[in-house]
Amino acid sequence: VADALDDSTATDRAAVAHEVTRAALMGARGNSGVILSQIVRGAAEVLGESDDVPRAVRSASDAAYRAVRNPVEGTMLTAVRELAEEAERHRGAPPAELLPALVRRGDDCVARTKGMLDVLREAGVVDAGAAGLVEIVRGIAAAVCGEALPGPPARDQDVGIEAIHRDRSRFRYCTVFVVEGEGLDTDEIEAELAPLGDSLLVVGDPTAIKVHVHTDEPGAALSVGVARGTIGGVEIANMHEQTAQREERLLEAVPDRPPAATDVVAVVAGAGNRRLFESLGARVVDGGRTMNPATAEILAAIDAAGAAGVLVLPNNANVVLAAEQAVAHAARPARVLPTVSLQAGLAALVAFDPEAPLDANLDAMQEAVAAVATGAVTVASRDVELDGVAVRSGAWLGLAEGRPVAGGDSFDEVATAVVERLLAHPREVLTLLTGEDGPELDALLERVAGAHPGLELEVHEGGQPHYPLLVSAE
């Protein structure tokens, strides 16, 4: 929403409300994000034409409840409903009185969520979605009333094991996409998607609809959208893997854990890739746009590690020598696993066990790297002819294991050729990392899902320069 408003040329209230609504819908991620987009939509529909805050908050609550097939209390739905009730109690009050009252009611509601759901009660925590919504209201209240935001509250207790472990979803893939077209019917699309999974949300208007569903068949879900319009904003995430990663990250916060036996230092380019590597337990050295960090930067990361041993992933052939020099001068045992791509580095990290000794990790991670096939799509910087593939400067160039396999003006055709080359041998997981200028993947994802129905598909925003798409098959 903030990005859309920065670029907005709208001058009237209704136009601003429309842009806010659309930006919230298009930017929504995950179940809570889609619900939040409907809260924004409900409020904006009223505020686009009046200053009636109580009606706006009630509209936000109604829109949120309409979006969810089976509303669950003790969540952000409860929070927005209670905010609406409080706003209506203060109808006619000036903003300086109304908005602080909403914050107080919101804080009270968030505190009570701890006792509303069994999972929250057992873990001893409040609902995160409700808490996040109230923080947004707190920010609005502070801005409108001209007050400074308070600092974050102190954590009153250490996180416990019960707050970390949670049951896996019955379904594997969190699938999110947008459908744009004419005369789109949310009820019709929802009915067709319902048999495919759960946590289903289908929201929007006749020209743009956002879909969120947990399913084992992301390709089938995408096909529902393709049949009705143009799909975009596709995100497919393996929730089982995310849950395992989340538990590992949170367990690091539990007091009195023994120190890890091994740490990993990885050279990475791209903000999204950095988050991926960190979520898997790596200490990241920023490779920059050229993936060429100084030896001293790698050495500093090794020295900052807390484990007995350190494994370095250079993730680029140009970094291997610098990594070896850093390891040679390290004050603790360190080894280099000479990964030559970000995809190989990620595959290695999946096999990483911080409790295992350095050499055991090196063996396991080498085995993981050997099992991954990597590819990329870039733009040819010069005319090239290699391995029977001729590509002119400025055209798409597809690489598999570092060798040209396709070229031309169609990204989809080149990317498909790369993927099919990597899938020439049996594979279970295909991971796509989009670059900073990555093209749309809708057609590619639909084609791959149709041709390989048993394949696990993962899509992440890597943000790497120079390569609009990086691919790995495991």
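Me: Is strand 3 (residues 208-215) buried or exposed?
Reply: Buried means under 20% relative accessible area, exposed over 50%, and partly exposed in between, with a 1.4 Å probe and protein chains only. Eight of the eight residues of strand 3 are buried, so strand 3 is largely enclosed by the rest of the structure. This is a predicted model: local features need pLDDT of at least 70, side-chain atom pairs count only at pLDDT 80 or more, and totals for chains, interfaces and linings use all residues. Residues are numbered from 1 along each chain as its sequence is written, and side-chain values use heavy atoms, with hydrogens and water left out.

Me: Which residues lie on each side of strand 3?
Reply: In a regular strand the side chains alternate between the two faces of the sheet. On one side of strand 3 are Ala208, Lys210, His212 and His214. On the other are Ile209, Val211, Val213 and Thr215. Both faces are covered.

Me: How many bridges join strand 1 to strand 3?
Reply: Strands are DSSP runs of E, at least two residues; helices are runs of H or I, at least four; both are numbered from the N terminus. Two strands pair if DSSP finds at least two bridges between them. Strand 1 (residues 173-180) is joined to strand 3 by eight bridges, antiparallel. Tyr173 stands opposite Thr215 there.

Me: What do strand 2 and strand 3 form?
Reply: A hairpin, with two residues between the strands. Seven bridges join strand 2 (residues 197-205) to strand 3, again antiparallel. Val202 faces Val211 across this pairing.

Me: What is the strand order in the open sheet of six strands?
Reply: The order is 13-12-9-16-14-15, with mixed pairing. Strand 13 (403-408) and strand 15 (456-461) are the edge strands, each pairing on one side only. Axes are lines fitted to C-alpha atoms, for helices over the stretch in contact; angles run from 0 to 180 degrees between N-to-C directions. The twist averages 15 degrees from one strand to the next. Inside the order, strand 14 (residues 429-434) and strand 16 (residues 469-473) pair antiparallel over five bridges. Leu432 stands opposite Val471 in strand 16.

Me: Which strands does helix 15 lie across?
Reply: Contact means heavy atoms within 4.5 Å. Helix 15 (residues 342-350) lies across strand 9 (373-379), strand 14 and strand 16. Helix 15 runs at about 40 degrees to strand 16.

Me: Where is Ala10?
Reply: Ala10 sits in the loop between helix 1 (2-6) and helix 2 (13-27). Ala10 counts as partly exposed, at 25% relative accessibility. Not counting residues up to four places away in sequence, Ala10 touches Ala15, Val16 and Glu19.
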